[in-house]
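This briefing covers what surrounds a DNA strand and a ligand. Please read it with the structure open.

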There are 2 protein chains.
Amino acid sequence: MKRKPSEVPHISIERLILYRRCLLKLSCSEVFHVSSAVLGRITNVKPANIRKDLSYVGEYGKPGYGYEIDKLLAVIEKIIGINKLQRVIVVGVGNIGEALLCYQDWAARGFEIAGAFDKDRRKMGRVINGIEVRGDSEVLPFVKKEGIEIAILATPTEITQSKVNELAHGGMRGFYVFSPIVIDVPGGCYVENIDMISPLEFLVYRLKNKISK
Amino acid sequence: MKRKPSEVPHISIERLILYRRCLLKLSCSEVFHVSSAVLGRITNVKPANIRKDLSYVGEYGKPGYGYEIDKLLAVIEKIIGINKLQRVIVVGVGNIGEALLCYQDWAARGFEIAGAFDKDRRKMGRVINGIEVRGDSEVLPFVKKEGIEIAILATPTEITQSKVNELAHGGMRGFYVFSPIVIDVPGGCYVENIDMISPLEFLVYRLKNKISK
DNA sequence: TTTCATTTGTGAACATTTTAACAAACTTGA
DNA sequence: TCAAGTTTGTTAAAATGTTCACAAATGAAA
Ligand SMILES: NC(=O)c1ccc[n+]([C@@H]2O[C@H](COP(=O)([O-])OP(=O)(O)OC[C@H]3O[C@@H](n4cnc5c(N)ncnc54)[C@H](O)[C@@H]3O)[C@@H](O)[C@H]2O)c1
Ligand SMILES: NC(=O)c1ccc[n+]([C@@H]2O[C@H](COP(=O)([O-])OP(=O)(O)OC[C@H]3O[C@@H](n4cnc5c(N)ncnc54)[C@H](O)[C@@H]3O)[C@@H](O)[C@H]2O)c1
């Protein structure tokens, strides 16, 4: 029941991303194929659910054998669109921004931090993990020149929305935002938001009510 | 249609957490009540959905008027279990751990970082944002003495699972884990996991396929 | 080659979640 | 006090997501 990528349920895409993460690890070992049962044990997803997710993107498994890991990885990465390197920028090099610059696995996940920007003069010019922090005013020329479409925002909550507006106006299309607020973007732009604290609040709820998920 | 808390759909709980975040901001302004229509505009959730979520936890709205913000906040916080201060520890004071210690809004969200632990001698003894970093070996006595039930883990991916095992064995019940791996916990323990990179991968997919959510 | 044990892909049943619609309840202002 | 306007809580229908169960396909062993 192969569908066009845009018709794959969002929730299946989210699981595909999870499968990929686990497959990447498997592919470093001496295993070359994996069954939905085994992948299910690794990911905590029911095998039938995995097979259905994978059926949306084509038929890549062999009965009695399972899925070839490398082939499956390639297919998932193609569907998600991370089969080629994604170059992104980081705006706001504070606590979170600096942690992101120091993250070691960007390349393994298919990303490259092409540039980092902060308006604080004390941060400008610093080189963190090989990435130079530039002045905030350089961001628009930079992304235009480098053809960057995605920005990660780790700016103070109060200024994040206006920063998004400014970047969207300058042609930025995707925003990954760490501020715990609901962000508006103009048409043709897309935003993903994480609130790093919400899952902790959910954990408190689960603990209190003994909910195992 | 009031249910026991444990029967409120998980997805409604997640939205309650979102509502709370927005209500907290509203409560700082001069507004005292809010309708599902207005809250819907703020949160990007359809009003009917909001009313249904709230109906699971009781009837707190007045027709023709809306919901009293303070009352609603109290109810949501009671349901989630964050009506009293939650004391947690941070294990692993690297990039993420340090960012967490520096986060300014813990108190506003109902949390307190009661302690921080790292095994690196260079970090031990440092005081970050008023929180002393202790040696890793002190963690079990500390949590026993202080009655801490929840740990935030920002340790290197390779050691996170074993750290969870150790803490679970020592009586820790809830784990909030930043390593991008699936974590196993013994019965009676609960884990929430975030992979800070996955949402970015999802953003790439949405951008490629023009999916507005 | 044949048999046996696996495992896929999928249709159908089941479960959950969202949405629309509206009577009833409340506020406001005349 | 009453009428007009607003907004809730709830029902039922629609939409979406999960799980089951099994025929068909394949690999592996004899
Ligand atoms: N630190 C955490 O653990 C944590 C946890 C949850 C959420 N958050 C959220 O993440 C966001 C970032 O948090 P943080 O702790 O890294 O903040 P931070 O204050 O440490 O860093 C913000 C950085 O943005 C820079 N900045 C300010 N205005 C700018 C501009 N116009 N252009 C470019 N850079 C600018 C500042 O100079 C600073 O370096 C905040 O919205 C915060 O609420 C952080
Ligand atoms: N940095 C990021 O932006 C980022 C992004 C995505 C995911 N993550 C994940 O978050 C986790 C933490 O990342 P990080 O960048 O903060 O790592 P980090 O290496 O900067 O910090 C890890 C800290 O844990 C300490 N540690 C090691 N063993 C310990 C032990 N047994 N007990 C206590 N402390 C111990 C180390 O001394 C170090 O200070 C990793 O799993 C990483 O993959 C980080």
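How do the residues of the surface near DNA strand C divide into nonpolar, polar and charged? They divide into 10 nonpolar, eight polar and nine charged. Here Ala, Val, Leu, Ile, Met, Phe, Trp, Tyr, Cys and Pro count as nonpolar, Asp, Glu, Lys and Arg as charged, and the others, Gly among them, as polar.

This is a predicted model, in which local features need pLDDT of at least 70 and side-chain atom pairs count only at pLDDT 80 or more, while totals for chains, interfaces and linings use all residues. Residues are numbered from 1 along each chain as its sequence is written, chains are lettered from A and ligands numbered from 1 in the order in which they are written, and side-chain values use heavy atoms, with hydrogens and water left out.

**Surface near DNA strand C**

- DNA strand C is surrounded by 27 residues, the closest being Ser36(A), Arg51(A), Gly64(A), Tyr67(A) and Arg15(B). A residue is near a molecule or strand if one of its heavy atoms lies within 4 Å of it.
- Of the atoms of DNA strand C that come within 4 Å of the protein, 66% belong to sugar and phosphate.
- At least two residues each come from α3 (47–56), β2 (61–62) and β3 (66–68) of chain A, and from α1 (10–26) and α3 (47–56) of chain B. Helices (H or I, at least four residues) and strands (E, at least two) are DSSP runs, numbered from the N terminus.
- The largest share of this surface, four residues, is supplied by α3(B).

- The side chain of Tyr67(A) has an N or O atom 2.6 Å from a phosphate oxygen of DNA strand C.
- Gly64(A) places a backbone N or O atom 2.8 Å from a sugar or linking oxygen of DNA strand C.

**Shell around ligand 1**

- Ligand 1 has 24 residues around it, and Asn95(A), Ile96(A), Asp118(A), Thr157(A) and Ser179(A) come nearest.
- The site is shared between chains because residues from chains A and B surround ligand 1.
- With three residues, α8(A) gives the most to this shell.
- The shell divides into 12 nonpolar, six polar and six charged residues.

- An oxygen atom of ligand 1 lies 2.6 Å from a side-chain N or O atom of Ser179(A).
- Polar backbone atoms also approach ligand oxygen: that of Ile96(A) is at 2.8 Å, and that of Leu100(B) is at 3.5 Å.

Methods:
A polar contact is a pair of N or O atoms within 3.5 Å; within protein, one must be able to donate a hydrogen and the other to accept it, and residues adjacent in sequence count only if both atoms are side-chain atoms.
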